[in-house]
Amino acid sequence: MDWPRKARDVVGKLRQAVGEYPDDPQLASLIGELTMRSPRFATLWAEHRVRGWDMAEYRMRHPTIGELDVLQHSLPVPRGQGIRVVVTTAAPGSAAQTALRLLNQTLLPAADRSATAHPAADTPVRAVPPAHS
């Protein structure tokens, strides 16, 4: 993982959140605590970079499937008052896509596994288990 780049991106996203919610006391407290406890955070915060929440490419490390290069999409929820849906995808045909599909299989109940064992190439991979009633 490109840790310096990822750290800059995350701090930039946090700065954007502060711009959207300037009066949020919990956010102000978090910034204060991070600044006091982490010289690296304080340096990055002082750069005043803002990073949008829409999309980011990065290498992630998952405890089960290891490292994979992914694209993270962050979408606002309509009328969600700041709530966002984050979707992680991988390039079609890549090792990361295969790994995400395998991970998805571990989240599905056994009855659903056979139906999604070989999804069509244009079928998005679902990483959220279905709701149970």
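Student: How many residues are in the hairpin that joins E1 to E2?
Tutor: Three residues make the hairpin link between E1 and E2. Strands here are DSSP E runs of at least two residues, helices are H or I runs of at least four, and both are numbered from the N terminus. Bear in mind that this is a predicted model: local features need pLDDT of at least 70, side-chain atom pairs count only at pLDDT 80 or more, and totals for chains, interfaces and linings use all residues. Residues are numbered from 1 along each chain as its sequence is written, and side-chain values use heavy atoms, with hydrogens and water left out.

Student: In which sense do E1 and E2 pair?
Tutor: Antiparallel. E1 covers residues 55-62, E2 covers residues 66-76, and eight bridges join them. Two strands count as paired if DSSP finds at least two bridges between them.

Student: What stands opposite Met55?
Tutor: His73, in E2.

Student: And how many bridges join E2 to E3?
Tutor: Six, and those two strands run antiparallel as well. E3 is residues 84-89. Pro76 stands opposite Arg84 in E3.

Student: Switching to charges. How many salt bridges does a search of the whole structure find?
Tutor: Four. The cut-off is a side-chain nitrogen of Lys or Arg within 4 Å of a carboxyl oxygen of Asp or Glu.

Student: Which residue does Asp69 form a salt bridge with?
Tutor: Arg59, with the closest N and O atoms 2.9 Å apart. This pair links distant parts of the chain: Asp69 is in strand E2, Arg59 is in strand E1, and they are 10 residues apart.

Student: What about Arg61, which residue is its partner?
Tutor: Glu67. Their closest N and O atoms are 2.3 Å apart. Arg61 is at 61% relative accessible area, so Arg61 counts as exposed. Glu67 is partly exposed at 43%.

Student: How far apart are the closest N and O atoms of Arg49 and Glu47?
Tutor: 3.3 Å, and that pair is a salt bridge. Arg49 is partly exposed at 45%, and Glu47 is partly exposed at 35%.

Student: Now the greasy side. Which residues make the nonpolar surface patch?
Tutor: Leu75, Val77, Ile83, Val85 and Val87, covering about 370 Å². Areas come from the Shrake-Rupley method with a 1.4 Å probe; for residues, only the protein chains shown count as cover. Patch residues have over 30% relative accessible area and no salt bridge; nonpolar side chains (Val, Leu, Ile, Met, Phe, Trp, Tyr) are joined within 5 Å, like charges within 9 Å. Val85 is in strand E3 and is partly exposed at 41%.

Student: Which residues form the largest nonpolar core?
Tutor: Nine of them: Ala7, Val11, Leu14, Ala17, Leu27, Ile31, Phe41, Leu44 and Trp45. Helices H1 (3-20), H2 (25-37) and H3 (39-46) each give two or more residues to this core. H1 gives the most, four. A core is a set of buried Ala, Val, Leu, Ile, Met, Phe, Trp, Tyr and Cys residues joined through side-chain atoms within 4.5 Å.

Student: Last one. Which residues of H4 are buried?
Tutor: Ala96, Gln97, Ala99, Leu100, Leu103, Asn104 and Gln105.

How values were computed. Buried means under 20% relative accessible area, exposed over 50%, partly exposed in between (1.4 Å probe, protein chains only).
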